[in-house]
Amino acid sequence: MPSYSPMKPNPQSSAGQAKRSRAQRYETPPSATARALRPVGYLLIGLVWTIIGAVTLSLPALLTVGLASNDSFTTKDFVQNGDIFVLILAGLFAVVVLVPLLGYAFIALPLASVPLAVLAFTYLVRSLRPSYASERLSATGWTREAIGPITVYPTAMSLLPLRVTPWTRFWTQLMFLGWIPGKDLLLAAIPYGLVSFLVPGWLLWPVSPAAAVVWSIVSLALVVATVVLVVRAARVRFNGARRGVPVAAGS
């Protein structure tokens, strides 16, 4: 897992004192009030991230839905009736810019949101189990590697597991894959970005049934290629990663 809070302040400084106090808070059992309220909190957080995850997963379909909302639009007419110079420029722009960027967004956004929903519901279940009553379940850490607002401070990453199991490690690593940019994921997302253009193109051409079968196979192959490349990117990034997650604040 990525290393958090990369700055190491002087232990005698105010920052060092604050870091020790956060570690002490992490080791302190939650109060009765916190134990009573955290199931509700994790439920609400899980619902919010579920909605966000559903929206991000549906983003690739919005292009097709938007084009299909115009009953008179077909990509065949668009290509055949368009200016050849404009079509070439538009094609180059789509291949060079839109395919990589949209592909990355369509992959990274679900990876950044769906695992957070899974982790929130995991902590919800744990919050209801007596075996977890005396310990804090999740924490917030800071890193300069993650995507976040433009600021001089590191980006906060929440819902980090305090008791790391294979289940929570898997979903946390997927979440890191979405939040922390990397060229491996960008390359893996290119086939998916290409699919986001090809599928509306042949669906709204419209093509013959035989051609639709061929294009369906091509589109599915590109999706499979993206899945394989994403798995490979995850293995490369997290292979052998067994480090703990420094904690800033636990709940």
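Helices (H or I, at least four residues) and strands (E, at least two) are DSSP runs here, numbered from the N terminus. Leucine 159, to which we will return, is found in one such run, strand β2.

The model is a predicted one, so local features need pLDDT of at least 70 and side-chain atom pairs count only at pLDDT 80 or more, while totals for chains, interfaces and linings use all residues. Residues are numbered from 1 along each chain as its sequence is written, and side-chain values use heavy atoms, with hydrogens and water left out.

**Overall layout**

The protein has 7 helices and 3 strands. Read from the N terminus on, its elements follow the order α-α-α-α-β-β-α-α-α-β. Of its 251 residues, 35% are buried; buried means under 20% relative accessible area, exposed means over 50%, and partly exposed lies in between (1.4 Å probe, protein chains only). Contact means heavy atoms within 4.5 Å. Among contacts between residues at least 6 apart in sequence, 79% join residues at least 24 apart.

**The β1–β2 pair**

Let us start with the strands. β1 covers residues 138–143 and β2 covers residues 155–161; the two run antiparallel and are joined by 5 bridges. Two strands pair if DSSP finds at least two bridges between them. β1 is mostly covered, with 5 of its 6 residues buried. In β2, 5 of the 7 residues are buried, so this strand is largely enclosed by the rest of the structure.

Alanine 156 and tryptophan 142 are 14 residues apart along the chain, and their C-alpha atoms are separated by 4.5 Å. Leaving aside neighbours within four places in sequence, alanine 156 is in contact with Thr140, Gly141 and Trp142.

The C-alpha atoms of valine 164 and serine 138, which are 26 residues apart along the chain, are separated by 9.9 Å.

| Residue | Relative accessibility | Class |
|---|---|---|
| Leucine 159 | 6% | buried |
| Alanine 156 | 40% | partly exposed |
| Valine 164 | 35% | partly exposed |

Leucine 159 also has a backbone feature to look at: its phi is near 60 degrees, a positive value in a residue other than glycine.

**The nonpolar core**

A nonpolar core is a set of buried Ala, Val, Leu, Ile, Met, Phe, Trp, Tyr and Cys residues joined through side-chain atoms within 4.5 Å. The largest one holds 29 residues, and Phe176, Leu177 and Leu185 touch the most other members. At least two residues of this core come from each of α4, β2, α5 (166–179), α6 and α7 (209–238). The most, 10 residues, are given by α4.

Apart from neighbours within four places in sequence, leucine 185 is in contact with Tyr104, Ile107, Ala108, Leu111, Leu177, Val230 and Ala233.

**The largest pocket**

On a 1 Å grid over the protein atoms alone, a cavity is a set of points where a 1.4 Å probe fits but cannot get out, whereas a pocket is an open set with protein on both sides within 12 Å along at least five of seven lines; lining residues have an atom within 4 Å of a point. Grid points are joined across faces, edges and corners, and a volume is the space filled by probe spheres set on the points.

The largest pocket contains about 700 Å³ of space. Its lining has 23 residues, and Thr75, Phe78, Val79, Phe197 and Gly201 lie nearest its centre. At least two lining residues are supplied by each of α2 (32–68), α3 (75–81), α4 (84–127) and α6 (183–203). The largest share, 8 residues, comes from α4.

By class, the lining has 20 nonpolar, 3 polar and no charged residues. Ala, Val, Leu, Ile, Met, Phe, Trp, Tyr, Cys and Pro count as nonpolar, Asp, Glu, Lys and Arg as charged, and the others, Gly among them, as polar.

**A cis peptide bond**

One last stop is the loop between α6 and α7, where proline 206 has its place. Tryptophan 205 and proline 206 are joined by a cis peptide bond, with omega about -15 degrees.
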